[in-house]
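Have the structure open beside you as you read.

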Amino acid sequence: MPKISIGSKTFSSNVFYAPLAGCSDLPFRQMAKKYGAGLAFCEMVKMDALIRNDKNTYRLLDYTGDMHPMGAQLCGSRLDIAADCAEILEDLGFDLIDLNCGCPVDKVTKDGSGSGLLKKPELIGEIISKIVARVSVPVTVKIRAGWDDDSIVAPLITQIAEEAGAGAIFIHGRTRQQAYKGLANRDHIKESKAVAKNIKVFGNGDIFCAQDAKDMFEHTGCDGVLVARGTFGQPWVAEDIRRMQENLPALERDFEFVRENLLEHYRLTRSYANEKKAILDMRRVGCWYFKKGEIGRALRSRMSKAKTIDDVEFLLESLKDPEAFLKQLATT
């Protein structure tokens with residue numbers, strides 16, 4: 001398995017799992033660890049909320065003692081509090097701190113945070129410098145290629161981030177204007193890798209399977225990959241990529257294997273969240289694992305109507321026999 005060093009830390013794999021708002025909760029990251037992701041990020045946390053000790057923000061940073069290494073991601077553009085926030089995260093035990101310069105949603109960019117920072121590359125460098133001077137753990141930055149096609153700044157920010165002391169940069173090949181439409185442009189990642197000296201460059205965008213990761217490595221020459229939506233319903237994607245890297249045959253992921261992992265994800269969720277939250281989470285998570293086909297459609301329909309934990313458990317148990325599951329639905 002290809003290891004990778006970022007700053008003072010060495011990670012067992014160069015396949016990392018991205019911070020995903022509303023998704024990268026504790027059960028999600030526990031599943032990621034099971035399958036050998038080099039690092040799994042928590043959901044991003046806002047600088048202002050961290051400073052004011054918002055309890056919901058700190059809840060996003062929950063972890064168990066066996067989950068190291070762990071990454072935390074800061075979202076914000078305030079130079080005056082960035083280092084203080086990074087120190088809080090280091091004191092909480094995180095092994096790597098990332099600056100979010102990629103989130104495209106309006107409520108984040110409107111104050112210059114997330115992708116809004118792409119308009120101010122120099123400020124990105126200043127924030128990174130402040131954080132690097134304060135903490136001892138590696139500091140990284142996640143960006144998009146640019147605000148739009150007329151302002152591609154990924155290679156420039158790669159150089160600025162390296163000069164500021166960042167150990168790695170995660171580059172999503174789409175622009176902010178694209179949001180999640182169209183394809184990620186790997187050429188922007190390739191160009192950024194070409195100007196990098198010591199900073200590690202991770203490719204991000206449209207990685208849904210081992211072959212996608214292989215294509216990313218081969219096209220860009222990147223040092224690692226950051227998998228985002230490709231982790232939904234397949235926490236084992238890091239293992240699949242590792243086997244590809246080691247020229248090992250792909251493992252068969254049959255229906256029962258997927259069901260057992262969904263069941264494990266459910267149990268982790270049930271032990272972490274209250275009943276109402278667990279039901280809501282499983283409406284989303286259940287559809288991740290069974291996205292396609294008749295089973296996927298049927299599960300989405302029934303899971304969206306689940307009112308109690310018993311309803312959820314009945315559905316997951318019924319999936320042991322897919323044919324009977326579909327027949328039973330047809331009669332109700």
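1. Let's begin with strand β9, residues 168-172, which is mostly covered: five of its five residues are buried. Buried here means under 20% relative accessible area with a 1.4 Å probe, counting protein chains only. Strands are DSSP runs of E with at least two residues, helices runs of H or I with at least four, numbered from the N terminus. Ala168, Phe170 and His172 lie on one side of β9, Ile169 and Ile171 on the other, and all are buried.

2. A word on the source: this is a predicted model, where local features need pLDDT of at least 70, side-chain atom pairs count only at pLDDT 80 or more, and totals for chains, interfaces and linings use all residues. Residues are numbered from 1 along each chain as its sequence is written, and side-chain values use heavy atoms, leaving out hydrogens and water.

3. Now look at the neighbours of β9. Strand β8 (residues 139-144) runs parallel to β9 and is joined to it by five bridges; strands pair if DSSP finds at least two bridges between them. Five bridges also join β9 to the parallel strand β10, residues 200-204. Phe170 stands opposite Lys142 and also opposite Phe202 in β10.

4. Finally, the whole protein chain has 15 helices and 11 strands. Of its 332 residues, 56% count as buried. The C-alpha trace spans about 65 × 45 × 40 Å along its principal axes.

How values were computed
Buried means under 20% relative accessible area, exposed over 50%, partly exposed in between (1.4 Å probe, protein chains only).
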